[in-house]
Amino acid sequence: MASKAAPQPTLEEQIETLQAQVAQLLETGVAAASTAARQAQESGAAAAAAARDRAEFATAGLAEEVRARPLTSLAMAAAIGWFIGRVVSR
């Protein structure tokens with residue numbers, strides 16, 4: 001008994017199959033890139049919010065320190081200004 005071999009796809013059918021596979025790969029790649037970009041944006045936004053919160057906390061603490069010890073704060077600011085002036089003038 002002779003077995004019948006499955007018919008081979010034509011060149012046009014092979015090209016169509018390849019085009020479909022490439023299109024599917026492109027869609028998958030675009031979806032993955034979009035997901036990665038969205039995750040990066042969310043991570044960046046979270047990091048920015050955390051930095052903003054830390055800066056506000058530090059600013060509030062500094063403002064409270066200046067209110068509690070105004071003369072010491074003024075002396076520190078003058079000393080820092082003098083030091084920076086000495087370093088820059090060299």
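Tutor: The protein chain has 34 Å, whereas a compact globule of 90 residues would have a value near 12 Å. This is a predicted model, where local features need pLDDT of at least 70, side-chain atom pairs count only at pLDDT 80 or more, and totals for chains, interfaces and linings use all residues. Residues are numbered from 1 along each chain as its sequence is written, and side-chain values use heavy atoms, with hydrogens and water left out.

Student: What does the C-alpha trace span along its principal axes?

Tutor: About 105 × 35 × 20 Å.

Student: And how many helices and strands are there?

Tutor: The protein chain has 2 helices and 0 strands; these are DSSP runs numbered from the N terminus, H or I of at least four residues for helices and E of at least two for strands. Helix α1 covers residues 11-68, and helix α2 covers residues 70-89.

Student: What share of the residues counts as buried?

Tutor: 0% of the 90 residues. Buried means under 20% relative accessible area, exposed over 50%, partly exposed in between (1.4 Å probe, protein chains only).

Student: OK, salt bridges. How many does the count come to?

Tutor: It comes to 2 salt bridges, each being a side-chain nitrogen of Lys or Arg within 4 Å of a carboxyl oxygen of Asp or Glu. Glu64 pairs with Arg67 at 3.8 Å, N to O, and Glu65 pairs with Arg69 at 2.3 Å, N to O. Glu64 and Arg67 are both in helix α1, 3 residues apart, which is about one turn of the helix.

Student: Why does Arg67 count as exposed?

Tutor: Because its relative accessible area is 61%. Arg69 is partly exposed, because its relative accessibility is 43%.

Student: Switching topic: which residues form the nonpolar patch on the surface?

Tutor: Met76, Ile80, Trp82, Phe83, Ile84, Val87 and Val88, with about 780 Å² of accessible area together. Patches take residues with over 30% relative accessible area and no salt bridge, joining like charges within 9 Å and nonpolar side chains (Val, Leu, Ile, Met, Phe, Trp, Tyr) within 5 Å. The areas come from the Shrake-Rupley method with a 1.4 Å probe; for residues, only the protein chains shown count as cover.

Student: Where is Val88 found?

Tutor: In helix α2, and Val88 counts as exposed because its relative accessibility is 65%.

Note on methods:
The radius of gyration is taken over C-alpha atoms; the globule rule is 2.2 Å times the number of residues to the power 0.38.
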